[in-house]
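Trainee: Before we go through the terms used for this model, could you show me the sequence and the structure?

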4 protein chains.
Amino acid sequence: MKYPRSINYYETDKMGIVHHSNYIRFFEEARLALMRQVGLDYRNLEEMGIVIPVTFVRCKYLIPLRFEEEIEIQTRLTRYDGIKMELSYEIYRKESGELCTSGETGHCFLNQDLKPIRMKREFPDLYAKLKDLVKE
Amino acid sequence: MKYPRSINYYETDKMGIVHHSNYIRFFEEARLALMRQVGLDYRNLEEMGIVIPVTFVRCKYLIPLRFEEEIEIQTRLTRYDGIKMELSYEIYRKESGELCTSGETGHCFLNQDLKPIRMKREFPDLYAKLKDLVKE
Amino acid sequence: MKYPRSINYYETDKMGIVHHSNYIRFFEEARLALMRQVGLDYRNLEEMGIVIPVTFVRCKYLIPLRFEEEIEIQTRLTRYDGIKMELSYEIYRKESGELCTSGETGHCFLNQDLKPIRMKREFPDLYAKLKDLVKE
Amino acid sequence: MKYPRSINYYETDKMGIVHHSNYIRFFEEARLALMRQVGLDYRNLEEMGIVIPVTFVRCKYLIPLRFEEEIEIQTRLTRYDGIKMELSYEIYRKESGELCTSGETGHCFLNQDLKPIRMKREFPDLYAKLKDLVKE
């Protein structure tokens with residue numbers, strides 16, 4: 001899935017480029033858009049009592065992005081075993097197609113008491129949807 | 001109360017100065033520090049079921065602040081009637097004493113269901129503490 | 001002009017609603033979109049040596065916004081005299097049309113040395129475009 | 001070096017914990033404090049024409065942090081060869097001493113035109129200070 005976005009003024013820093021912490025937020029936007037697309041609306045998940053915290057994040061900054069640039073974020077579900085989930089992200093400058101940023105995030109599935117959920121047993125439908133997504 | 005703080009790199013924007021939205025966050029820090037000082041720890045208030053949302057904010061930008069500058073925020077409780085609360089803020093450059101930013105925020109007191117709380121009847125101790133603070 | 005937007009997860013706070021400082025950023029997005037629409041691309045303005053800092057901001061929080069809500073921001077240029085500019089903002093919930101937030105910002109026009117620019121004399125085209133926008 | 005800090009309300013998200021992107025900002029605060037301590041004030045570096053962008057960031061989230069928690073960030077310069085620099089970070093809950101977050105960042109040294117600087121030749125004093133820091 002390609003998630004389009006442009007860079008806001010408040011996302012730049014005094015170096016004149018996007019502050020490096022903001023890419024982690026762009027990844028979140030792209031991740032939630034991907035999940036929404038396959039029917040896994042994150043707000044619904046939270047209402048069902050499923051919390052999906054981030055366990056790790058990795059990001060490589062190749063080309064800095066600037067105010068008003070148009071970007072596309074390519075997101076893939078790279079791993080899902082019912083307990084853990086991993087996604088990869090690639091941010092491209094829309095005009096030139098250059099790869100500017102790449103990254104990965106890891107996640108787990110917890111209930112409201114922050115205990116691990118066995119997705120396959122407790123939410124077989126969601127489990128199947130995510131399994132399908134990782135195959136693509 | 002004078003709340004000290006320095007400016008972080010990630011709080012600047014491409015103009016090379018603090019992004020104007022961040023002053024609203026500095027006000028929040030200073031407000032919660034003031035309340036903590038008189039025994040009104042905001043985390044405790046939330047655990048007691050009291051939520052204090054912001055109803056308005058006003059800010060005047062006089063002199064822009066830059067990375068690494070040391071500031072002091074002077075906060076005053078200017079109005080409190082048990083239903084509504086108002087505070088004023090003045091941000092000074094520590095070295096020169098210049099006034100750089102001024103502002104006000106308004107607040108109300110709600111319970112977990114976001115219904116107004118009658119502080120005087122339900123939390124007379126907190127009511128008294130805030131009444132004392134407004135007199136100073 | 002109506003600027004559409006949805007609420008990101010990272011824009012919420014522990015109260016479960018959009019943190020009040022983020023509305024100031026939404027105003028900025030809507031303001032720059034309005035100016036872009038009439039040919040006043042802010043990046044171009046900065047390249048021409050024109051800086052438009054914020055001199056004041058005011059915001060009233062009527063109904064809190066939540067994660068994934070779709071909003072529309074109605075922005076108007078309410079005052080422009082070549083020296084100062086003022087805009088007003090109204091944020092509506094897209095589905096219900098309810099007014100959730102309203103606000104205003106004030107601005108001035110400075111050159112790279114942060115000295116006031118006489119727009120009418122130095123940039124008559126831009127001056128005319130803004131004058132037209134305030135009439136609408 | 002141990003950099004102390006407490007968690008601000010605006011740094012939490014609707015999960016009730018610090019949003020994962022903010023730890024990247026905490027790392028920056030701790031990194032700049034470490035450099036300042038050895039006389040490498042980042043504002044001075046920028047004024048000397050040295051820019052130190054982030055080339056990668058990695059973060060592991062072990063225990064979530066909450067509003068008002070007191071933390072300490074232990075920062076180490078783990079690698080420095082005059083061209084590249086790497087730092088590691090560990091965030092501890094002050095009270096319990098528990099390790100909550102760990103991470104690393106990578107950096108390079110560029111001039112104003114974003115070309116690599118040969119630190120050893122162009123800034124031998126700074127080079128020596130960083131070399132000393134990596135030994136500790």
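**Pairing across two chains**

Mentor: Strand β2 (residues 54–61) of chain A and β2(D) pair in the antiparallel sense over five bridges. This is a predicted model, in which local features need pLDDT of at least 70 and side-chain atom pairs count only at pLDDT 80 or more, while totals for chains, interfaces and linings use all residues. Residues are numbered from 1 along each chain as its sequence is written, and chains are lettered from A and ligands numbered from 1 in the order in which they are written.

Trainee: What makes β2 of chain A and β2(D) a pair?

Mentor: Two strands pair if DSSP finds at least two bridges between them, and here there are five bridges; strands themselves are DSSP runs of E of at least two residues, helices are runs of H or I of at least four, and both are numbered from the N terminus. Within this pairing, R58(A) stands opposite R58(D).

Trainee: Which strands stand at the edges, and why is one side of each left without a neighbour in the sheet?

Mentor: The open sheet has ten strands in the order β1(A)-β3(A)-β4(A)-β5(A)-β2(A)-β2(D)-β5(D)-β4(D)-β3(D)-β1(D), with antiparallel pairing. β1 (2–6) of chain A and β1 (2–6) of chain D are at the edges, each having a single partner strand, so one side of each lacks a neighbour in the sheet.

Trainee: How do you know that the two copies are related as by a two-fold rotation axis?

Mentor: Superposed by least squares on the C-alpha atoms of residues with pLDDT of at least 70 in both copies, chain D can be laid on chain A with an RMSD of 0.0 Å by a turn of 180° and a shift of 0.0 Å along the axis. The two copies are thus related as by a two-fold rotation axis. The same surface serves both, since 100% of the contact residues of chain D recur in chain A.

Trainee: What counts as contact, and how many residues of chain D are in contact with chain A?

Mentor: Two residues are in contact if their C-beta atoms, placed from the backbone, lie within 7 Å, and by that test 16 residues of chain D are in contact with 16 residues of chain A. On the side of chain D that touches chain A, β2(D) gives the most, with eight residues. By class, that side has ten nonpolar, three polar and three charged residues, where Ala, Val, Leu, Ile, Met, Phe, Trp, Tyr, Cys and Pro count as nonpolar, Asp, Glu, Lys and Arg as charged, and the others, Gly among them, as polar.
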